[in-house]
Amino acid sequence: MLTHRIIPCLDIRAGRTVKGTHFKNLQDAGDPVELALRYCEQGADELTFLDITATQEARGTLTDLVRRVAEAVNIPFTVGGGIRTVRDVGRLLEAGADKVSVNSAAVRDPSLIDAIAAHFGSQCLVLAIDTQKVNGADRVFVSGGKQITERETTQWAAEAVERGVGEIMLTSIDHDGARNGFALDITGTLTARLSVPVIASGGAGRMEHFRDVFTIARAEAALAAGIFHFGDVALDTLKKWLHQNGVIVRL
Amino acid sequence: MKIVIVRYNAGNVLSVKLALKRLGHTAVISDEPDELRAADRVIFPGQGEALSAMRYLREKGLDEVLRKLQQPVLGICLGLQLMAESSEENNAPGLGLIPGRVRRFPDTGKVPHMGWNNIRRLRGPLFDGVPENSYVYFVHGYYMECNPFMTAEGHYLCPFAASVQKDNFYAVQFHPEKSAATGERILHNFLTLT
């Protein structure tokens, strides 16, 4: 049986892992490769590296980091944050990333999706969507979740799949960092409507939240950062618990 | 040991090279016929579209070189599919090394088949020390039908050949270079075939 994937996310700033909540109170959390290897040992199914480096100059360090990760880890990994062009994607894939995720740049110019898919294939392209409920509607946000757009979440996801993304990573801004569980409603809507896998993100605080997003919202994968970084729940413990509770995971 | 990874404009060959490096081996990436012929092991990876990959192999004359290799050859993902007789993907012809057909997954679920899935009915030296139902990482929209040369069976929407072997030609549909310890064991087994 195809398993549900658990994906730890590492926030990267200038080549180092940072820990924080809501992009605030960021603390240095060490070398990303060391942390990545620890997650691999604990049974991570994939890894995601999200570059939150503020300045363009410091972004050069990302390519070096991707290369070091590719040398060290034996599972697939995705790199995202600030990707704007086909050339950016080529650089990261050549350095050894298995997939890239795009967000704001694709909202501003959706043809970026077509171009990346045509060059490198849909299997390496993840669309990250930051969503929030506004007056009862699910709206797409950009620029790190700070700026609202005209787009409706389900429509945008469907258009992106049509254009060629291979996966959707859906982050609920309302749930992110709150540790009260994933956004089951919008995640469930997307998993039912789309022909590609959905990675749920934002809100993991307890093991039950993963069970719910897999069994109720039927997400193919779940991504979390804080719950693993701060040691609230260990990855291996989580996977064993999910297995005992009837969720198909890789042990 | 001289290991050559075939370069043919079809996806990520770097990850295979790095996986071999973690196992302590240096591999060369090449599309030179003489390099392929002189290798102790040839790895034929690949992702992407079957027809354009076959065209490229033909243009370079690599199709004939691959067919005549006597040393152990390992096809990975698209590499496995190109070893078949034909593929439904744009009606691409295959190298015809393994009697089998490649078909598109039915529309009854999400395609591609992506993620960790288990493999069973394991046999042959590639799976030495690999327990039944081990998990490996797949990314593919087409599959080789089960056939007498199958050495591992996968299941997604329908049963399919997760691995096949005929003579010196070995192939896996999944990505051993991204399949954690299980994948490393399979690569190790390939490199230590006697």
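Let us start at a turn in chain B of this predicted model. The hairpin of E11(B) and E12(B) has two residues between its strands, and there Asp167(B) takes a positive phi near 55°. If you look along the pair, you will find Val164(B) standing opposite Ala171(B) in E12(B).

E11(B) also has a partner in strand E10. Strand E10 (residues 150-156) of chain B pairs with strand E11 (residues 158-166) of chain B in the antiparallel sense, over six bridges. Here Ala152(B) has Ser163(B) of E11(B) as its bridge partner. The hairpin of E10(B) and E11(B) has one residue between the strands, and Leu157(B) takes a positive phi near 65° in it. Strands of a sheet pair through backbone hydrogen bonds, either parallel or antiparallel.

Elsewhere in chain B, three strands make an open sheet with mixed pairing, in the order E5-E6-E9. Its edge strands are E5 (86-87) and E9 (142-144) of chain B, each of which pairs on one side only. Strand E6 (residues 101-104) of chain B meets E9(B) in the antiparallel sense over three bridges, and the bridge partner of Arg103(B) in E9(B) is Tyr143(B).

Now for the charged side chains. Over all chains, a search of the whole structure finds 36 salt bridges. One of them, in chain A, joins Glu167(A) to Arg5(A), at 2.9 Å from N to O. Glu167(A) belongs to strand E10 (residues 167-172) of chain A and Arg5(A) to strand E1 (residues 5-13) of chain A, so this pair ties together parts that are 162 residues apart in sequence. Are these two side chains buried or exposed? Glu167(A) counts as buried because its relative accessibility is 1%, and Arg5(A) is buried too, with a relative accessible area of 1%.

Lys68(B) is exposed, at a relative accessible area of 58%, while Glu64(B) is partly exposed, at 36%. Both residues take part in a network of salt bridges that also links Arg58(B), Asp63(B) and Arg67(B).

What happens to a charged residue such as Asp130(A), which has no salt bridge? Asp130(A) is found in strand E7 (residues 125-134) of chain A. This residue is buried, and the nearest side chain of opposite charge, Lys146(A), is 9.0 Å away. The side chain of Asp130(A) does have a polar contact of 3.3 Å with that of Asn103(A). Leaving aside neighbours within four places in sequence, the residues in contact with Asp130(A) include Arg139(A), Phe141(A), Thr171(A) and Ile173(A).

Finally, let us see where the two chains meet. In chain A, 34 residues are in contact with 24 residues of chain B. The area buried between the chains is about 2,200 Å², of which carbon and sulfur atoms give 53%. Leu2(A), Asn74(A) and Gln123(A) supply 28% of the area that chain A buries against chain B, more than any other three residues. Three salt bridges are found across this interface, and Glu220(A) and Lys110(B) meet through their side chains in a salt bridge of 3.0 Å, N to O. There are also 16 residue pairs in polar contact between chain A and chain B, counting pairs with both residues at pLDDT 80 or more. Helix H2 (residues 60-72) of chain A gives the largest share of the side of chain A that touches chain B, namely four residues.

Notes. Residues numbered from 1 in each chain as written. Chains lettered and ligands numbered in written order. Predicted model: local features only at pLDDT ≥ 70, side-chain atom pairs only at ≥ 80, totals over all residues. Heavy atoms only, no water. Buried < 20%, exposed > 50% of the residue type's maximum accessible area, 1.4 Å probe, protein only. Lys, Arg positive; Asp, Glu negative; His and termini not counted. Salt bridge = Lys/Arg side-chain N within 4 Å of Asp/Glu carboxyl O. Polar contact = N/O pair within 3.5 Å; in protein donor to acceptor, adjacent residues only side chain to side chain. Contact = heavy atoms within 4.5 Å. Pairing = 2+ DSSP bridges. Buried area = accessible area lost by both parts, 1.4 Å probe.
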